[in-house]
Amino acid sequence: MVKLVQDEENQRLLLDDHKEKHFTSGEVVRDIIIGVSDGLTVPFALAAGLSGANASSALVLTAGLAEVAAGAISMGLGGYLAAKSDADHYYRELQREQDEIDTVPDTEAAEIAEILSEYELGPEEYGPVVTSLRNNPKAWLEFMMKFELGLEKPDPRRALTSAATIALAYVVGGLVPLSPYMFVASVDRAMLTSVVVTLAALLFFGYVKGRFTGNRPFLSAIQTAVIGALASSAAYGMAKAVQAV
């Protein structure tokens, strides 16, 4: 008994000493990336296109702010519906899995054994696990959802959080290319300033995105900036072409 207590205490001390550093906010970061990426690119392309059509700084700013507002609402709504759809799918599968456990428990238990055997466990090793799960219906259901279907229980606040995060990130990103038009009256100078500021922001954002997603930061920075530059160049070129007709 004393040895058992000592072993448990040693395991607790080992866990206290070993603090794993895993990044666990992937969904929030994904929402920020979606919002900022589109927020930097779409208003930037719009402003460049209007500048190419010789619109005034005031007109570019007005149209840009309208686009940012509409884009934030649209993107936020898209994030909400996507998260809500994921939650609805999870609970449909949860009910279906519960029905299967109730009606064909032996088949579901065999599926547990099959899943565990994929981890190179033998019948004498996974047998007690199968028995324990059958005696704990809640744990059994959670096991099947996670390991058979690969589904995690969604956060009930996920849909609203996703919508707010994407919308706010879009607004923050969208104000970057539009900010020069707030302070520079000449549309040509405002556009050049917007290009410099936005490309710098795209490079920085791409680098940070690469660090968070595990990709090569410098490559991510260059790719993000190139995409933004191509979008704005296309919009500016089309505006000039239409104007020349």
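Pockets in a predicted model

Me: Which helices each supply at least two residues of the lining of the largest pocket?
Reply: In this predicted model, they are helix H2 (26-52), helix H3 (57-103) and helix H7 (158-183).

Me: What makes a residue part of a lining?
Reply: A lining residue has an atom within 4 Å of a point of the pocket. For the largest pocket 19 residues line it, and the closest to its centre are Glu27, Ala83, Asp86, Pro154 and Arg158.

Me: Which helix gives the most to the lining of the largest pocket?
Reply: H3 does, with seven residues.

Me: How much space lies in the largest pocket, and what does that volume stand for?
Reply: About 300 Å³ lies in the largest pocket. The volume is the space filled by probe spheres set on the grid points.

Me: How much space lies in the second largest pocket?
Reply: The second largest pocket holds about 230 Å³ of space. Among the residues that line the second largest pocket are Tyr90, Tyr91, Leu94, Lys138, Phe143 and Lys153. H3 and helix H6 (137-148) are the elements that give two or more residues to this lining, and H6 gives the most, with six.

How values were computed:
Residues are numbered from 1 along each chain as its sequence is written. This is a predicted model: local features need pLDDT of at least 70, side-chain atom pairs count only at pLDDT 80 or more; totals for chains, interfaces and linings use all residues. Side-chain values use heavy atoms; hydrogens and water are left out. On a 1 Å grid over the protein atoms alone, a cavity is a set of points where a 1.4 Å probe fits but cannot get out, and a pocket is an open set with protein on both sides within 12 Å along at least five of seven lines; lining residues have an atom within 4 Å of a point. Helices (H or I, at least four residues) and strands (E, at least two) are DSSP runs, numbered from the N terminus.
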